[in-house]
Each structure stands twice: as structure tokens, then as C-alpha cells.
Amino acid sequence: MIEGPVRAIFGFTARGMTCSVKGWLFGLLLVLPWAAALLLRLLIWKGVQVPMGGVTLYGILVLAYVTGFLVPIATLFFGTSLVADEVEGGTLPYLFGRPLRREKIFLAKVAAMTVVLAAGCWLSILGTYLLSLSLDGAGALGRGAGTLLGDLATTALAVAAYGALFAFLGLAMKKPLFWGLIIGFGWENLVAWLPGFLKRLTLLFHLHTLLPHSAAPQGVVQQMLASSESRITALAFLLGYTALFLGLGCVLIRRMEASAAEREGG
Amino acid sequence: MIRVQSVSKWYGLVVGVNRISLSVEPGVTGLLGVNGAGKSTLLNLMAGLLRPSSGTVDLDGKPMFANPEALKSLGYCPSPDHFYEDVTGLEFVAYLGRLSGLSPAQARERAVEACREVALGEEAGKKVRAMSKGMRQKVKMAQALVHDPPVLLLDEPLNGMDPPSRAQAIEAIRRWGQQGKSVLVSSHMLHEVEAMTSRILLLHHGKLLASGEVPQVRQAIASRPMNVFVRCADARNLAAALITWPCVQSVSFGTEGKALTTEVTDMGDFRVRLGDLMADRELGLEILNPLDDNLSAVFSYLVA
């Protein structure tokens, strides 16, 4: 049974996310793959020769756009600001002054972010799936159902893992957005390609191992990324990283001080 | 009871508060100090938001910092004007009520009650961003009160309020004190605190300068003479007697011949001698008024 205060923070955070400017921008990013699929349909309808079918397009959009860009960028902006916005806005004393364990405040906020972003990503993937695979006929929709479910599960895991990472950075760093960009789009994208053990220190490597589909243009990429570990190992790594970042976040928030006095010179 | 024992807080090399010990008992206590004296730091320490660099802060024996058990009994109204702007005042108060463990229905009910307590009225239904500064102050006070805690820490709660709102807030704070709550109110406005209570804590440069009832605090400043205004029918004869007393440092006449002001070094001795004098002679004493027995004088003496 989830405690009332935790539910309240969950609801308040989710509402804040969906009603914010960031929320609207996230909404726009969600429908971009739909626009790409619709464009492909339009080109085919106009008789233009396109070098890919619906399955390929779907594969590219999920692999490159959703897991490679949308999930990291959305979790970066929402995750790093979960607590940082409360600090910036001076509202943290209201939360920390309540009879509620601070770890629960942190976890409730992360959970709300994960649910909202995963729901948004699922919506994006489902729409893309329907618009893309229907290009190859109704039968393709049924045949790709397994891939779709795998993609949905992996995306949810990606949101949880990246969300935990960036929420932790939001607590640990003075400029979390900067460090988040460095880690999310620098380290993740560079190191995931390196041979040896180092790539296991990225989330992207393990996520690519888990993604079920392997369309032709990404086959080499997926082979490079995923051939060296099993899905069970990838899952264990991702869950481990998520737990680690959440645990570290809990430790930091437990020790954190919240005072508006320092900023206002009282 | 909330107890602060030898607490210091440093921000690097800067001292926020320095070895402060105090306890807040039922009733209203005023925390006085100029801007930067350390009032907000002390209240943040007492509210469990800051960890003391040394010393302890506890409520009924439970340490305050990040301790839900202790925070159950505490309501804190911060000084800065920060809010979740896109909710109504009532939603804001109810949300924080829920974080204090109230059910959704209880939180709504208590939020309405708390907003009524601070005379927020219909304004409580407005979005916080659309509220005036005074109304926002009342919302902050209401959120501190929503879970009916026995201890209230109010950091400059009257800032930005217009005179009628100020009077309502002062009345509410006095009422909470009379109801048995331990209320600690900070302010740098002496007359505000004086209107709420005569029990004060004086903070200056992070140190607790004095504590107690205003007259007691005044009495403690033994080295400084107190100005006493006297008006009587035979002021010249009274002055002649006063000037011979060891407890009187000086006597000066006012513009009208019947009034004089005297500097007294020992108020107790002065009262005894004056009583004896009045019994012996018919001097026609009309007014005896210690001029320095107010907060303003105490404060300026102490920080001078």
C-alpha cells in the first residue's frame, strides 16, 4: 500500500510535468515519429521510390530516435530538474519541513517522472508502429506485435534507468543539465561503441542489447553493440544501474540541507 | 518543547549562528534581530532544514534534522516569497496538508479551516500567482497551520501585509499562543513583536544577545541607566530629593515646569526610595513612566 503523502507527491509532480512548457515540448517531440511515418506514406502514395519499408522505418525511429534521443533528452530535462527546480524555486523547505522521509519524496518524484515519460514514449511508439507497419499491409501489424512489446518494455526500462541517472545528477551536481548533456550525449554515445568492458558502463549499450528488432540499416550497429552480452546480463546491468542511481540519490537527499535563508541573506 | 543546545552553523568561514542555546515554551515568543542577524538560519535549524555544524536541536528529545517523527509536531512558515504558483491557495495548503499525513478529505477540510484562521477568506480560491504579497503571506501561514501542530515557527510572517491584514495576523498569532501552541515569530520590526508578546529573544551577529520578558531583559542591562519620566505638582522639590540618591545619575527638567526626566541606574532602589518620599511629603505625583521599558529601547541598547 502506497502512503498518502507519497501518492500526493506523485500526483502533484505528474500534474506539474504535464502542465508545464517542458511538458508541451515533450508532447511535440512525441509526435515527430508520427510525422515521419506519415511523410513516408505520403511519398509512397505520390509514387516516389523510397529506400525503406514500414518495418525499417519503425526500427530506425525506435532505435535512433526514441531510445537514442527522445528518452535521454526527456529524462535529462525532467530528471535533473526534479529536485533542482524545488531548490531554484525555493519550495524545497515546504517539502522537507513535512513529516515524510526525504527518500520517499525523491522516489515519488522519480516514479511520477518515469510513469509520465514512459506513457508518452509508449504513445509515440504505438502511433509510429501503427503508421509505419501498416505500410507493409495489415498482416505486418500482427507479425510485429512481439517486437512492439519488446520495444515498449525496453523503452520503459530506458526511461527508468536514464531517469534515475539524471535525477541523481540533479542532486549531485551544481550544473546538472550541463553534466547531464556531457554524460547523456557524450559519454553514452561515444563509449557505447568502444570495444572491451568500458561500454558496459553505459546505459545505451545494454538497451541496444535488449531492443528486439534488428532492421537492416541498424543490423551492424546492433551487432557491434549487443553481440557481446546476453539479454539477461543487459537487464541485470540496467536494473543494477537504476537501483544504484536511486540509492545514491536517496543518500544525497537524506543529507541535503534546504534553506532559503542562504540565498536571501536572512 | 523545542530545545536548541549550543548550536552553531557555519557557511564556510561565515558564521550563521554562534553557540545559541534556547528553548521555546508554550505561548508566543518573539525572535528579534536586524537583517542578517541569523534569525532565518536559526529558524531553519529549528525546522530541521539545516544540519547544525555543532550542537543539537530537538523537539521533545527527538533530533530535528530530517526527522519525520519530530516534524509531525512542527509547522514552519518560511520567510522568502516562494510558492508553487500555478495552484490556488487552497490547493497549496491542502497539498502540504496531505504531505503531513492528512487524507485528501481531511486535507481539504483543514485547508479551508487554516485559511479561515488567517483571514484569507474568498482569496484562498485564487491562483497563488494572482495573489497580493499580503495574501501570499497568509497562505504561507495557513500551510504551517494546516496539520494543527503544537509548535509553530513563523519567519517574518507579517512582511508585505497591509495594516488590516497585519492586525488580523497579529491577532491570530496571539490566539495560537493562548491556545497553548509554542509559537516563535521572527521579525526585525520591534513594534510588531511587541504587539504579539512581551517574551523575546534578541539575536545579533548570530549570537543570542538576550532572552526573557522585555522588562526583565531591560533590568539585565544593569550598567545602563534607565530614563524615567516623572510629572508631579512640586517637581522642583522632587528634583532636589532625587539628585541626592545614589541610584539617580541625572535629572533634567522638561519644557513645562511640572515634568522631569531622570536617569536611574537601579530601578528597584529608585522605586523604594520614591515610595518612601511620597509617603513623607505631599509632592503631587501624577505620572511615573519608565521610558526605556519598551522593546525599541532595549534593542538599541543591546546592539549599540
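**Exercise 1.** How many residues does H2(A) have, and how far does it reach from its first C-alpha to its last?

*Solution.* This is a predicted model, in which local features need pLDDT of at least 70 and side-chain atom pairs count only at pLDDT 80 or more, while totals for chains, interfaces and linings use all residues. Residues are numbered from 1 along each chain as its sequence is written, and chains are lettered from A and ligands numbered from 1 in the order in which they are written. Helices are DSSP runs (H or I, at least four residues), as are strands (E, at least two), numbered from the N terminus. H2(A) has 25 residues and reaches 36 Å, close to the 36 Å expected at 1.5 Å a residue, where the expected span is 1.5 Å times one less than the number of residues.

**Exercise 2.** Locate the kink in H2(A) and describe what follows the helix.

*Solution.* The bend at a residue is the angle between axes fitted to the seven residues ending there and the seven starting there. In H2(A) a kink of about 25° lies at Val31(A), shortly before the proline Pro33(A). After H2(A) comes Gly47(A), with a positive phi near 85°.

**Exercise 3.** Describe how H2(A) packs against H3(A).

*Solution.* Take the axes, which are lines fitted to C-alpha atoms over the stretch in contact, with angles from 0 to 180 degrees between N-to-C directions. The axes of H2(A) (residues 21-45) and H3(A) (residues 54-89) come within 11 Å and cross at roughly 170°. H2(A) is therefore roughly antiparallel to H3(A), a description that applies to angles over 145 degrees. Next, consider contacts (C-beta atoms, placed from the backbone, within 7 Å): among the residues that make this one are Phe26(A), Pro33(A) and Leu40(A) of H2(A) and Leu61(A), Tyr65(A) and Phe77(A) of H3(A). The contact residues divide into 13 nonpolar, no polar and one charged, with Ala, Val, Leu, Ile, Met, Phe, Trp, Tyr, Cys and Pro counted as nonpolar, Asp, Glu, Lys and Arg as charged, and the others, Gly among them, as polar.

**Exercise 4.** Which residues of H2(A) are buried?

*Solution.* A residue is buried if 20 or more other C-beta atoms, placed from the backbone, lie within 10 Å of its own. In H2(A) these are Phe26(A), Leu30(A), Pro33(A), Ala37(A) and Leu40(A), and their cover includes H3 and helix H5 (102-133) of chain A.

**Exercise 5.** Characterise the side of chain A that touches chain B.

*Solution.* The contact takes 29 residues from chain A and 30 residues from chain B. On the chain A side, H1(A) gives the most, with five residues, and the residues of this side divide into 14 nonpolar, eight polar and seven charged.

Notes
Two residues are in contact if their C-beta atoms, placed from the backbone, lie within 7 Å. Angles under 35 degrees count as roughly parallel, over 145 as roughly antiparallel, 65 to 115 as roughly perpendicular and the rest as oblique. A residue is buried if 20 or more other C-beta atoms lie within 10 Å of its own, exposed if 12 or fewer, and partly exposed in between; C-beta atoms are placed from the backbone.
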